[in-house]
Amino acid sequence: MADMRLIVAGAGGRMGRALTRAISETSGAVLAGALEAPGSELLGQDAGVLAGLPANGVKLSADLWTLAANADGILDFTVPAATIANVAIAVERGLVHVIGTTGLSASDDAVIRSVTNRAVVVKSGNMSLGVNLLAALVQQVAKSLDNAFDIEIVEMHHKAKVDAPSGTALLLGEAAAAGRGIALDRHSARGRDGHTGARRTGDIGFASLRGGTVTGDHSVIFAGPYERITLSHHAEDRMIFAHGALKAALWAHGKKPGLYSMMDVLGLSHL
């Protein structure tokens with residue numbers, strides 16, 4: 001089978017450069033295009049050089065329509081507005097769309113879902129194997145423990161991260177809510193400040209920390225009477241997300257249209 005031809009969206013950013021490196025290390029995948037925002041000072045630069053690799057001749061471009069003519073998929077860890085713009089072109093060009101963008105709104109999610117009767121989309125708040133195993137464990141623990149155990153999710157990221165809670169924290173919150181059989185948006189407690197009153201039974205709490213160069217730390221705390229259970233994951237390098245995204249793209253190549261998650265990719269969706 002021919003190599004899967006992939007476009008990296010946001011190729012000049014930290015995650016985009018990691019994705020370019022991951023493609024160079026992955027059998028069965030090849031870099032077919034490097035996308036950047038219109039007006040970026042990086043347009044025209046070599047994607048390989050930006051990623052710390054030898055020059056590969058793939059220049060950063062703002063024209064996804066043209067890049068997509070000779071590609072099979074797009075790896076998209078950008079910002080919500082860019083991802084939604086990419087969705088329209090990806091579906092028309094028949095690209096597998098791997099979405100790791102965080103901070104997407106409910107309306108953004110609705111746009112993505114609307115194309116999945118025609119397009120293959122793999123979307124996850126976190127593409128790492130460890131985090132998705134953690135989510136499966138969180139769901140099982142939440143299902144096993146009753147409301148005597150309060151659930152709190154604590155996450156920390158580098159100081160440049162612009163959205164909170166992180167996509168991973170929300171993924172873990174959704175896993176906990178699924179285990180409890182509740183809707184996260186109705187049982188989510190965020191941004192406590194001042195005289196908040198007692199904790200509401202059944203809520204899932206979130207706390208977001210920002211500072212330094214932290215790649216990503218997440219803990220889910222089940223706090224019960226006289227005991228606590230803490231499940232944690234610590235990311236040490238964003239290459240774990242890049243390699244997960246590559247795994248997702250290769251898995252999705254040739255799949256029927258639909259909206260998939262990393263739980264599907266890793267065979268954990270039955271848990």
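Two residues are taken to be in contact when heavy atoms of theirs lie within 4.5 Å. By this criterion, in the predicted model, Ile 23 is in contact with Leu 6, Val 8, Ala 29, Val 30, Leu 31, Leu 75 and Leu 246, leaving aside its neighbours within four places in sequence. Ile 23 belongs to the largest nonpolar core, which has 36 residues, and is listed there with Leu 6, Leu 19, Leu 75, Val 98 and Leu 246 as having the most contacts inside that core. The elements that give two or more residues to this core are the strands S1 (4–9), S2 (29–35), S5 (96–99) and S6 (120–123), together with the helices H1 (14–24), H2 (47–50), H8 (239–252) and H9 (262–265). Of these, H8 gives the most, with 8 residues. Apart from this core lies another, of 21 residues, among them Ala 142, Ile 151, Ala 175 and Phe 206. In soluble globular proteins, nonpolar side chains tend to be buried together.

As to the chain as a whole, it holds 9 helices and 12 strands. Its radius of gyration is 19 Å, close to the 18 Å that the globule rule gives for 271 residues, so the chain is as compact as a globular protein of that length. Along its principal axes the C-alpha trace spans about 60 × 40 × 30 Å. Buried residues make up 48% of the 271 residues, and, among contacts with a separation of 6 or more, 69% are between residues 24 or more positions apart. The chain exposes about 12800 Å², of which carbon and sulfur atoms supply 53%. There are 24 positive and 25 negative side chains, and the centres of the two sets lie 2 Å apart.

Among individual positions, His 233 lies in strand S11 (residues 227–235). Because its relative accessibility is 14%, and buried means under 20%, His 233 counts as buried. Not counting residues up to four places away in sequence, His 233 touches Ser 128, Gly 130, Val 131, Leu 134, Gly 216, Asp 217, His 218 and Ile 240.

The peptide bond from Ala 164 to Pro 165 is cis, with omega near -5°, and Pro 165 is found in the loop between strand S7 (150–157) and helix H7 (167–180). Tyr 226, although not a glycine, has a positive phi of about 70°; this residue lies in the loop between strand S10 (216–224) and S11, and is exposed, with a relative accessible area of 88%.

Two further exposed positions were examined. Pro 54 has its place in the loop between H2 and strand S3 (60–61) and, at 67% relative accessibility, counts as exposed; beyond its neighbours within four places in sequence, Pro 54 is in contact with Asp 46, Gly 48 and Val 49. Glu 92 lies in helix H4 (residues 80–93) and likewise counts as exposed, at 52% relative accessibility, a value that meets the definition because exposed means over 50%. With the neighbours within four places in sequence again left aside, Glu 92 is in contact with Trp 65 and Arg 118. The C-alpha atoms of Glu 92 and Trp 65, which are 27 residues apart along the chain, are separated by 9.1 Å.

Note on methods. Residues numbered from 1 in each chain as written. Predicted model: local features only at pLDDT ≥ 70, side-chain atom pairs only at ≥ 80, totals over all residues. Heavy atoms only, no water. Helix = DSSP H or I, 4+ residues; strand = E, 2+ residues; numbered from the N terminus. Rg over C-alpha atoms; globule rule 2.2 N^0.38 Å. Buried < 20%, exposed > 50% of the residue type's maximum accessible area, 1.4 Å probe, protein only. Areas by Shrake-Rupley, 256 points an atom, 1.4 Å probe, with all protein chains shown as cover. Lys, Arg positive; Asp, Glu negative; His and termini not counted. Charge placed at Lys NZ, Arg CZ, Asp CG, Glu CD. Core = buried A, V, L, I, M, F, W, Y, C linked by side-chain atoms within 4.5 Å.
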